[in-house]
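Biologist: I have a structure open and would like to learn how to read it. Could you walk me through some of its features?

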Amino acid sequence: MRLSFITLVLAAAAKIVAAKEDLVQENTYFNGKKVPPLQELTPDTFAQDAGATKWMLIKHYSPYCPHCIDFAPTFQTLYEYYYTQSPGGTDAEDDFSKTYEFHFATVNCIAYFDLCTTNGVKSYPTTILFKNGEVVDTIRGVKDMATLSSLVEKSLNEEKPGSRPEEGKLSLPSPGARDWPPKEENKEDANTAESKDEFKVEEKPQTPAEKTEEKPAEKEADTELKRDDVTPEEPKIEKKLEEPTEATETEEEKMPAFVMPTYHIPSIVKPASTGTANPNGISVDLNAEAFRDKVTLTEDAWFVKFYAPWCHHCQALAPVWEQVAKSMSGKLNIGEVNCDRESRLCKDVGIHGFPTIYFFQGGERVEYEDLRGLGDFVKFGEKAVDVIQGVQDVTLEEFEALEEKEEVIFVYFYDHASVTEDFMALERLPLPLIGRAKIVRTRDPRMYDRYKITTWPRILVSREGRPTYYQPLTPQRMRDVNSVLDWMKSVWLPIVPELKATNAREIMDGKMVVLGILNRDETDSYQRALKEMKTAATEWMDKQIQQFQLERQELRDAKQLRIEEAEDRGDSRALRQAKHIRINMDMSDRKQVTFAWVDGVFWQRWVRSTYGIDVANGERVIINDEDNKRYWDETITGNPIVPSRTSILETLGKVTATPPKIKPKLTISSIEKVFFDIRMTFVEHPYLCGASITGFFLAALIWYRGRTKRRGGYFRVEDTQGIKDLKGGLLGGVSSNGKAD
């Protein structure tokens, strides 16, 4: 785990935590001998303690690092094993330390970051061997007992030559062992007992409070639970026994098929609820003071309508809203605000039209933008109630059951290293998803395996069982709620959503849409057509991803060729330029193709007037390009596109070609198309259009001025009068007729 800036942020809090942990650390026992807690070094005591002994093996770690958590039992057991040895032939507990002048210690790098930096720590965990306060050897990462022991034995032999066993003959305990060699209580089944340990599921460690309550007589018997509070990992079941005994088989039969690892989830304190939601089943009239006390300053969920008494739409909605309040009795608070009376409150909320409906919870809100029938309101309210309960933790079986009911599911993966900040960011995500998708979290290792999760935390969306991953991996990016929500909005629609008035802009704008015009009343044909469209959508998405990856690979190969060519020529400048070539991994610059379907009976008038299709004549598919006001409804052979995988895919490839191989039709008239093209030209190329118009006016002005000069301007002289005559007459000289003035 590499050092990061977050280390500095956590340092102050970690110092307090480390101080509290020192108060609850207790002695452990190994081979029946008491072992004091590992010495924790600080910047104030490091120089003194490291210089007070000849040898000191120090583990530098972070309490939040999962690798450090994995390494903790190994280092602790190594310390206990050597500490309890008696090379001097006495039973003194500190005989090993005095004989070899060898001590063990730890440094919390979150609490004492500067000290770890001074010691050259660049990753966690790092184990450093000091001799007389100077660094002798360094081991980075998680190492096994044998690697650490070899480093210790080398130092002990240097201190007392010939006092240690020969290399390779030292028997070492396994991490977490309490006795070594193990006590053989049952000599006949010694090997069996050892086999059972391999199938043992580690239990949840006790908290310091539980340790304090133990009776003294039980301490020696329960030393397994008295170790440092290390979060357990996933139970590992090793199957390496060549000849399992009868006892082993019995133990294996008793073992459950799967045991969920027990992780400590940081608790998030929320304000207490003010009571039962909507006990009377009525819509509460809220003024500014009541809105502040009941909605803004509490954690209670409210569904609030902002209206004006004179608004006809508000008057039509009033009886429906009363029924919503009755339907959500005891489940969700329903309220309403009269914006004529509470104009300041409505202005602060940002109300610009009536009626406007918002869902509020815990100081956050989301606007209701769906249809406004009773069933639509109740459906939204029930999903909102589900969100109030928090993000559900699911296992693999629960997730598979959820997939049968939900089209879009966001999954948040976490492990024992996840901290409070991760869960606080997660709790802010469900509110905008109400009515659109469901979000759950999981720590089930089988879910990790299913979606190939190797870093935590991680989030993905599953649509029809097809995963799409949120690309950023760093904890800081995962806690950026706005970035995560922006990504969620781009993928929260199903693979083939239904086109409605509320989501039409979201589906159609900026995309090429394969739109199925289906008849919901014909159940069999509708289900068959929808299945064909989902299959076509999945295959098209796979094809586009493969094509995108192939193109990027070609760019990488071209970059590598330039690098190799520059290296062969020894051209350092060309080499730098080649290495600075960036490969664009973003697909957003491409024209996106999406799939959707529309109820051809409900939207019959719009479908007929826009595309000239009547669902009564059969279900059809059109490919719509809303940005350019055009569509395709025929294949390359001139036949109508029907909702089948073959018909859609063979036509889509020809339509997306540049230029399209099939002539499109227009959704507007020819005259409208001319004005539309002019407008789009100004929108897409504003500077070019501005320059063109400016050039046109300049050209017109120059032409006009030239035409004026050719005509002689506004003051004209007779062309028959000579220049001499003109000059003499104007200057008062003698005119051509010989007379003078």
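Biologist: Which residue is the bridge partner of phenylalanine 130 in β7?

Modeller: Valine 135 is the partner of phenylalanine 130. Keep in mind as we go that this is a predicted model. Phenylalanine 130 and valine 135 give one example of a pairing; in another, isoleucine 128 sits opposite threonine 138 of β7. Strand β6, residues 126-131, and β7 run antiparallel and are joined by 6 bridges.

Biologist: How many strands are in the open sheet, and in what order?

Modeller: There are 5, and the order is β3-β5-β4-β6-β7, with mixed pairing. β3 (39-40) and β7 (134-140) are the edge strands, each pairing on one side only. Helix α6, residues 145-159, packs on this sheet and touches β4 (55-61), β5 (102-108), β6 and β7. The direction of α6 makes about 160 degrees with that of β4.

Biologist: In which sense does β4 pair with β5, and in which sense with β6?

Modeller: With β5 the pairing is parallel, over 7 bridges; histidine 60 stands opposite valine 107 there. With β6 the pairing is antiparallel, over 6 bridges, and lysine 59 faces threonine 127 across that pair.

Biologist: How do I read the two sides of a strand, and which residues of β4 are on each side?

Modeller: The general idea is that side chains in a regular strand alternate between the two faces of the sheet. In β4, one side carries Trp55, Leu57, Lys59 and Tyr61, while Met56, Ile58 and His60 are on the other. Both faces are covered, and 7 of the 7 residues of β4 are buried.

Biologist: Let's go back to α6. Is serine 149 buried or exposed?

Modeller: Serine 149, which has its place in helix α6, is buried because its relative accessible area is 2%, and buried means under 20%. Setting aside neighbours within four places in sequence, serine 149 is in contact with Leu78, Tyr82, Leu170 and Leu172.

Biologist: Now for another helix. Which residues of α16 are buried?

Modeller: In α16 (residues 420-427), the buried residues are Asp422, Phe423, Ala425 and Leu426. Looking down the axis of α16, you find the buried residues within an arc of 160 degrees, so they line one face of the helix. Their cover includes β14 (408-413), β15 (438-442) and α19 (481-491).

Biologist: Are asparagine 278 and lysine 452 buried or exposed?

Modeller: Asparagine 278 is buried, with a relative accessible area of 4%. Lysine 452 is exposed, with a value of 65%.

Biologist: Where are cis peptide bonds found?

Modeller: One runs from tryptophan 456 to proline 457, with omega near -10 degrees. Proline 457 is in the loop between α17 (445-451) and β16 (458-463). Another runs from threonine 658 to proline 659, with omega near -5 degrees. Proline 659 is in the loop between α24 (645-655) and β22 (665-666).

Biologist: Finally, which feature does UniProt place at residues 685-704?

Modeller: The unreviewed UniProt entry places a "transmembrane region" there. Over residues 685-704, the chain is 95% helix and 0% strand. The end C-alpha atoms of that stretch are 29 Å apart.

Key:
Residues are numbered from 1 along each chain as its sequence is written. This is a predicted model: local features need pLDDT of at least 70, side-chain atom pairs count only at pLDDT 80 or more; totals for chains, interfaces and linings use all residues. Side-chain values use heavy atoms; hydrogens and water are left out. Two strands pair if DSSP finds at least two bridges between them. Helices (H or I, at least four residues) and strands (E, at least two) are DSSP runs, numbered from the N terminus. Contact means heavy atoms within 4.5 Å. Axes are lines fitted to C-alpha atoms, for helices over the stretch in contact, and angles run from 0 to 180 degrees between N-to-C directions. Buried means under 20% relative accessible area, exposed over 50%, partly exposed in between (1.4 Å probe, protein chains only). The arc is that of the directions from the helix axis to the C-beta atoms. UniProt positions are given in the numbering used here, feature names are shortened, and annotations may be inferred rather than shown by experiment.
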